[in-house]
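Visitor: I have some questions about this structure. Please walk me through it.

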Amino acid sequence: MKQSAEDDIWPFVLRLYGKPGVPAACLDLQDRFGVDVPLLMFACWLAQRGTVLDADMATQAREFIAPWHHEIVRALRAVRQHLKTGPAPAPSGATEMLRDGVKKVELESEKLELAALAALAVDWTSGPTASVEANLAEMFTAMTGQRLDLPGLALIAL
């Protein structure tokens, strides 16, 4: 049985994020520029499928998923991060267990984000000229309004 795009994207992202240096590069871009890391992973996934991401497609993907990312993913991340320092009774062993649970839910919310993006792109055309670097640059520009050649983007493209 053929795997759907929604089922295919998550294993791809786990493999990519598991490569040395990729998590640190992604978190750096997230912290410095406020990027949505799943959108960067989506851009890489599109390239490995042969889909060239243009400016309109990158903007469409960003606008499509922005409400989910801002209202759900970022909210969960904020709760998880806040549990590191307080309010009381955090931080403690008991609240660390809660924090781990929130982290799992946050990860699941990113998985759902990626599945929704894969479904959005199901009819986007593929070709032999897709480049991970070009797709990443296009998505980065759609998210930040900046066109930068960042070492972090090159590292993710490896």
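Visitor: Where does Thr-125 lie?
Guide: This is a predicted model. Helix 5 covers residues 93-120. Thr-125 lies in the loop between helix 5 and helix 6.

Visitor: Is Thr-125 buried or exposed?
Guide: The cut-off for exposed is over 50% relative accessible area. Thr-125 has 65% relative accessibility, so Thr-125 counts as exposed.

Visitor: Which residues does Thr-125 touch, not counting residues up to four places away in sequence?
Guide: A touch here needs heavy atoms within 4.5 Å. By that rule, Thr-125 touches Gly-50 and Thr-51.

Visitor: How many Å apart in space are Thr-125 and His-70, C-alpha to C-alpha?
Guide: In sequence, Thr-125 and His-70 are 55 residues apart. In space, their C-alpha atoms are separated by 28 Å.

Visitor: Where is Thr-51 found, and is Thr-51 buried or exposed?
Guide: Thr-51 sits in the loop between helix 3 and helix 4. Buried means under 20% relative accessible area. Thr-51 has 2% relative accessibility, so Thr-51 counts as buried.

Visitor: With which residues is Thr-51 in contact, leaving aside neighbours within four places in sequence?
Guide: Thr-125 is one of them.

Visitor: How are helix 3 and helix 6 oriented?
Guide: Helix 3 spans residues 37-48 and helix 6 spans residues 132-144. Their axes come within 8 Å and cross at roughly 150°. That angle makes helix 3, relative to helix 6, roughly antiparallel.

Visitor: Which residues make the contact of helix 3 with helix 6?
Guide: The crossing of these two helices is right-handed. Helix 3 supplies Leu-39, Leu-40, Phe-42, Ala-43, Cys-44, Leu-46 and Ala-47. Helix 6 supplies Val-132, Asn-135, Leu-136, Met-139 and Met-143.

Visitor: How many residues of that contact are nonpolar, polar and charged?
Guide: Asn-135 is among the residues of the contact. The contact of helix 3 with helix 6 divides into 11 nonpolar, 1 polar and no charged.

Visitor: At what angle do helix 3 and helix 4 pack?
Guide: Helix 3 passes helix 4 in a right-handed crossing. Their axes are 11 Å apart. The angle is about 145°.

Visitor: How does the contact of helix 3 with helix 4 divide into nonpolar, polar and charged residues?
Guide: Pro-38, Leu-39 and Phe-42 come from helix 3. Ala-61, Arg-62, Ile-65 and His-69 come from helix 4. These divide into 5 nonpolar, 1 polar and 1 charged.

Visitor: How many disulfides are there?
Guide: A disulfide needs two cysteine sulfur atoms within 2.5 Å. For Cys-26, the nearest cysteine sulfur is that of Cys-44, 7.7 Å away. Cys-44 is likewise in no disulfide. The count comes to 0.

Visitor: What is the relative accessible area of Cys-26?
Guide: Cys-44 counts as buried at 2% relative accessibility. Cys-26 is buried too, with a relative accessible area of 0%.

Visitor: Which residues does Phe-64 touch, not counting residues up to four places away in sequence?
Guide: Phe-64 is found in helix 4, residues 55-82. At 42% relative accessibility, Phe-64 counts as partly exposed. The C-alpha atoms of Phe-64 and Ala-116 are separated by 9.0 Å, though 52 residues apart along the chain. Phe-64 touches Ala-116, Leu-117 and Leu-120.

Notes: Residues are numbered from 1 along each chain as its sequence is written. This is a predicted model: local features need pLDDT of at least 70, side-chain atom pairs count only at pLDDT 80 or more; totals for chains, interfaces and linings use all residues. Side-chain values use heavy atoms; hydrogens and water are left out. Axes are lines fitted to C-alpha atoms, for helices over the stretch in contact, and angles run from 0 to 180 degrees between N-to-C directions. Helices (H or I, at least four residues) and strands (E, at least two) are DSSP runs, numbered from the N terminus. Angles under 35 degrees count as roughly parallel, over 145 as roughly antiparallel, 65 to 115 as roughly perpendicular and the rest as oblique. A crossing is left-handed if the near helix is turned anticlockwise from the far one by less than a right angle, and right-handed if clockwise. Ala, Val, Leu, Ile, Met, Phe, Trp, Tyr, Cys and Pro count as nonpolar, Asp, Glu, Lys and Arg as charged, and the others, Gly among them, as polar. Buried means under 20% relative accessible area, exposed over 50%, partly exposed in between (1.4 Å probe, protein chains only).
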